[in-house]
Amino acid sequence: MSKDITILGIESSCDETAAAVVVNGRNVLSNEISSQIDIHTLYGGVVPEIASRKHTERVNQVIRKALETADRTLDDIDAIAVTYGPGLVGALLIGVAEAKAISWARNIPLIGVHHIEGHISANYIAAPELEPPFLCLVVSGGHTHLVIVKDYGEYEVLGRTLDDAAGEAFDKVARAVGLGYPGGPKIDRAAREGDPHAITFPRGKVGESRYDFSFSGLKSAVLNYLNSEKMQGREVNVPDLAASFQQSVVDVLLTHAMDAADTLGIRKFALAGGVASNSALRAAMKEACDKRGITFYCPPPILCTDNAAMIGCAGYYDYIKGKRSGLDLNAIPNLML
Ligand code: KG4
Ligand code: ZN
């Protein structure tokens, strides 16, 4: 039997400082996440400069804790996988600099990982039997991508958002109705008490482009609705607004994803990214997949939002393909998949 490959994953692209120890891609020995949500909540969203400073303060502790929890030392690590884009440049640089320093000091191979590839790979951890090819909808605060995963590390992007990401729309709408940051979980919770058919919001369409997304029109429609209700002295029913907005997002994501699955005859479908934690989205996607006999995959919420286990997993598949990064690895804020 071949030797186990142990990867130390590091993630710092936005507001979570995370480190994880992952064996053979799918066996997660530790998954440490230090969230900065409490600090950014004070400002109603992520402040990039504060995010970078907090990563600098926390990255060493988080790595130490990940090794401790996994009962491993750096001597046991075969490679270091780190997110190098996309994300906030200052935030990414902290993880990249840390990974390069350890790689150089300990002479351990370095692997730069694409953040979205990490989100997709969270599905491999949650479902040990899952193998490519499959269709994956990546919905997070910064990204909305409909992707065919052809093989490990091989992707065809069918569609992407042309303006706001799905999570960004959740965050902006939540802020506008006073629910605070981060908006996604708060809208999700409020929507449980509301009627998804109370208010009709638009379903974003993008000209001829069948699989692309647009959420800025929906966001504007919600803001216009709020303004108009205020002008007329009416109180807004927040649960109804949250449920109606969420329904519009879910409808668009579902229609595009199932259209692609039906057209391309894909029999496995996976959700990924922070918005994949949304209860209405998960339920609607599962139901649509079950109806078609498509196998549905979705990681648990802790693997949907930013974490380093998913980076360790993606890094493992790069490692066994022989991919290595040099010490000139740099942060690329707008890295394409
Ligand atoms: O993947 P992630 O942690 O970071 C990025 O790569 O962007 O995603 C964060 C996003 C935020 O916009 C947050 O509001 C959204 O995921 N989110 C949710 C839920 N939980 C997190 N959106 C809708 N419903 C949720 N339950
Ligand atoms: Zn993310």
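The structure is a predicted model.

**First stop: helix 5 and helix 6**

Select residues 166-176, which form helix 5, and then residues 183-191, which form helix 6. Two packed helices are described by the angle between their axes and the distance between the axes. Here the axes come within 7 Å of each other and cross at roughly 70°. Because angles from 65 to 115 degrees count as roughly perpendicular, helix 5 is roughly perpendicular to helix 6.

Next, display the side chains where the two helices meet. On helix 5, select Phe170, Asp171, Val173 and Ala174; on helix 6, select Gly183, Gly184 and Ile187. These residues make the contact between the two helices. Coloured by class, the contact shows four nonpolar residues, two polar ones and one charged one. The crossing of helix 5 and helix 6 is left-handed.

**Second stop: the cavity**

How many cavities of 30 Å³ or more does the model contain? The count comes to one. The largest cavity holds about 50 Å³ of space.

To find the largest cavity, select the residues that line it: Glu117, Ser121, Tyr124, Tyr152, Gly153, Tyr155, Ala314, Tyr317 and Asp318. Then highlight helix 4 (115-126) and helix 11 (309-320), the elements that each give two or more residues to this lining. Colouring the lining of the largest cavity by class shows five nonpolar, two polar and two charged residues.

Notes. Residues numbered from 1 in each chain as written. Chains lettered and ligands numbered in written order. Predicted model: local features only at pLDDT ≥ 70, side-chain atom pairs only at ≥ 80, totals over all residues. Heavy atoms only, no water. Axes fitted to C-alpha atoms, helices over the stretch in contact; angles between N-to-C directions. Helix = DSSP H or I, 4+ residues; strand = E, 2+ residues; numbered from the N terminus. Parallel < 35°, antiparallel > 145°, perpendicular 65-115°, else oblique. Left-handed = near helix turned anticlockwise from the far one by under 90°. Contact = heavy atoms within 4.5 Å. Nonpolar A, V, L, I, M, F, W, Y, C, P; charged D, E, K, R; others polar. 1 Å grid on protein atoms, 1.4 Å probe; cavity = no way out; pocket = protein on both sides within 12 Å on 5 of 7 lines; lining within 4 Å. Points joined across faces, edges and corners; volume = space filled by probe spheres on them.
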